[in-house]
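Me: I would like to learn how to read a structural model feature by feature, beginning with the general idea each time and then turning to the case at hand. Could we start from the overall inventory and work inward?

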Amino acid sequence: MIKTDVVIIGAGPTGLFCAHQLGVIGLKCEIIDNLDKAGGQCIELYPDKPIYDIPAIPECTGEELTKNLLKQIKPFNFKIHVSQRVEKVSKEGINWKLTTSSKIEFLSPNIVIAGGVGSFEPRKFSVKECEKFENNSIFYSIKDKSIFNGKIVSIFGGGDSALDWAIELSKNSKVILVHRRDEFRGASSSVDKVKQLKKENKIELFTMYQLSKVSGDNNLESMEIKHDDGTTKSFKTDYLLGFFGLIMQLGPILDWGLNFDKKTIKVNTENFETNQKGIFAIGDICLYPGKLKLILSGFHEGALAARGCFKYARPDEKLRFEFTTTSKAIRERLGK
Ligand SMILES: Cc1cc2nc3c(=O)[nH]c(=O)nc-3n(C[C@H](O)[C@H](O)[C@H](O)COP(=O)(O)OP(=O)(O)OC[C@H]3O[C@@H](n4cnc5c(N)ncnc54)[C@H](O)[C@@H]3O)c2cc1C
């Protein structure tokens with residue numbers, strides 16, 4: 001069980017800047033995100049798109065903003081627990097207990113929900129039996145490509161991820177690429193490369209097919225794909241990889257007794273606390289009159305929520321307002 005002053009759910013721009021503000025006022029935090037990296041929408045949806053409305057930064061990309069936010073919190077050494085969703089939140093005395101999908105438990109008097117539009121989840125195969133093989137023979141993202149060496153890997157999808165992985169894995173595996181359309185969405189250079197690899201018999205390509213059946217005992221052994229015209233083909237396969245894009249799901253947050261209005265949580269504008277004491281909500285997920293779903297609003301909300309957390313984390317202390325440059329204590333925390 002990890003004990004801390006604050007648990008931040010969501011490592012998007014808002015959660016990351018809130019962590020900075022917690023560090024500045026001397027509180028510890030742990031950050032959890034369902035994605036395999038920090039950055040939220042900026043990194044997942046538009047890493048290369050320019051952003052023009054971050055104060056004093058005339059232009060930066062989503063990726064640059066994320067890198068700079070991570071650099072800004074580096075002095076505090078806060079841990080970011082990636083690739084896991086916060087599933088359960090319950091009250092334990094004056095603390096909140098959180099459990100993630102990786103079964104890690106946290107105990108803290110404060111939770112800051114910076115969950116944006118929800119956790120990004122992969123779109124999955126519609127064939128029901130696939131669930132049985134998930135994280136064993138069927139994957140929606142790749143952590144360690146070496147497991148596919150010398151195996152038969154069937155990749156489904158028509159975007160950049162499917163094409164890039166088909167090209168990469170064809171170096172050491174037998175690759176079968178299946179797409180439900182005739183046209184690919186990925187970069188034309190990748191489409192050309194896949195076609196060239198097909199000519200060289202390094203990739204088997206099937207378009208206008210979808211997965212119709214999987215079978216195997218503990219591990220996957222074979223699959224069946226079905227053409228739009230109804231005909232089917234069966235193959236031996238060791239792994240299935242599905243790259244169908246991401247969907248955003250609020251998921252378990254909806255069950256934590258919070259004051260929801262559609263997909264947002266109502267908060268006060270003094271410190272962005274919700275209807276539950278010690279649970280704050282900031283960024284795209286919070287709602288108050290005049291709320292703007294912009295990164296700069298999330299930064300302001302994070303700064304005030306951090307101060308709101310102080311009273312529960314240090315009930316016997318009073319927080320004094322100080323500037324980062326003139327406070328010796330803050331400069332020390334920042335390593336300056
Ligand atoms: C195409 C596009 C362009 C945009 N351009 C701009 C722009 O130019 N300027 C601007 O200011 N804004 C822009 N925005 C909006 C901006 O990206 C959002 O306002 C901002 O990302 C909100 O940040 P956030 O930290 O609140 O949430 P997010 O960025 O959505 O991050 C939330 C994180 O929480 C995680 N999460 C959610 N639930 C859980 C859970 N239960 N467990 C674990 N993790 C969880 C998610 O995986 C996600 O990583 C744009 C948005 C889009 C889609």
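Reply: The protein has eight helices and 24 strands, where helices (H or I, at least four residues) and strands (E, at least two) are DSSP runs numbered from the N terminus. This is a predicted model, in which local features need pLDDT of at least 70 and side-chain atom pairs count only at pLDDT 80 or more, while totals for chains, interfaces and linings use all residues. Residues are numbered from 1 along each chain as its sequence is written.

Me: What does the C-alpha trace span along its principal axes, and what share of the residues count as buried?

Reply: The C-alpha trace spans about 70 × 45 × 35 Å along its principal axes. A residue is called buried if 20 or more other C-beta atoms lie within 10 Å of its own, exposed if 12 or fewer, and partly exposed in between, with C-beta atoms placed from the backbone; by that criterion 37% of the 336 residues are buried. For contacts, the C-beta atoms of two residues, placed from the backbone, must lie within 7 Å, and of the contacts with a separation of 6 or more, 59% are between residues 24 or more positions apart.

Me: How many of the residues of α1 are buried, and what should its residues span?

Reply: An α-helix has 3.6 residues a turn, so residues three or four places apart point the same way. In α1, 12 of its 12 residues are buried, among them P13, F17, H20 and V24. Just after α1, G26 takes a positive phi of about 85°.

Me: Which residues of α7 are buried, and which elements do they pack against?

Reply: The buried residues of α7 include I295, F299, E301, C309 and F310, and the buried residues of this helix pack against β2 (6-9), α1, β10 (110-113), β23 (279-281) and β24 (286-287). The 19 residues of α7 should span 27 Å at 1.5 Å a residue, and its end C-alpha atoms are 26 Å apart, which agrees.

Me: How should I read the order of an open sheet, and which strands stand at the edges in the sheet with parallel pairing?

Reply: Two strands pair if DSSP finds at least two bridges between them, and in a regular strand the side chains alternate between the two faces of the sheet. The open sheet of five strands with parallel pairing has the order β12-β19-β13-β14-β15. Its edges are β12 (138-139) and β15 (203-207), each with a single partner strand, so one side of each is left without a neighbour in the sheet. Strand β13 (residues 152-156) is joined to strand β19 (residues 239-242) by four bridges, with F156 opposite G242 in β19. Helix α5 (residues 160-169) packs on this sheet, touching β13, β14 (174-179), β15 and β19, and its direction makes about 165° with that of β13; such axes are lines fitted to C-alpha atoms, for helices over the stretch in contact, and angles run from 0 to 180 degrees between N-to-C directions. Helix α6 also packs on the sheet, touching β14 and β15, and its direction makes about 115° with that of β15.

Me: Which strands does a hairpin join through three residues?

Reply: The hairpin joins β16 to β17 through three residues. Strand β16 (residues 209-216) and strand β17 (residues 220-227) pair in the antiparallel sense over seven bridges, and the bridge partner of G216 is L220 in β17.

Me: Why is I31 called buried?

Reply: I31 is buried because 24 other C-beta atoms lie within 10 Å. The residue belongs to strand β3 (residues 29-32), and, leaving aside neighbours within four places in sequence, the contacts of I31 include I8, G15, A19 and F78. I31 and V112 are 81 residues apart in sequence, yet 9.4 Å apart in space, C-alpha to C-alpha.

Me: Finally, which residues come nearest to the ligand, and what classes make up the shell around the ligand?

Reply: A residue is near a molecule if its C-beta atom, placed from the backbone, lies within 6 Å of it. Of the 36 residues around the ligand, G10, G12, G40, G116 and G283 come nearest. The shell has 17 nonpolar, 14 polar and five charged residues, where Ala, Val, Leu, Ile, Met, Phe, Trp, Tyr, Cys and Pro count as nonpolar, Asp, Glu, Lys and Arg as charged, and the others, Gly among them, as polar. At least two residues of the shell come from each of α1 (13-24), α2 (40-44), β11 (119-122) and α7 (295-313).

Terms used:
Expected span 1.5 Å × (residues − 1).
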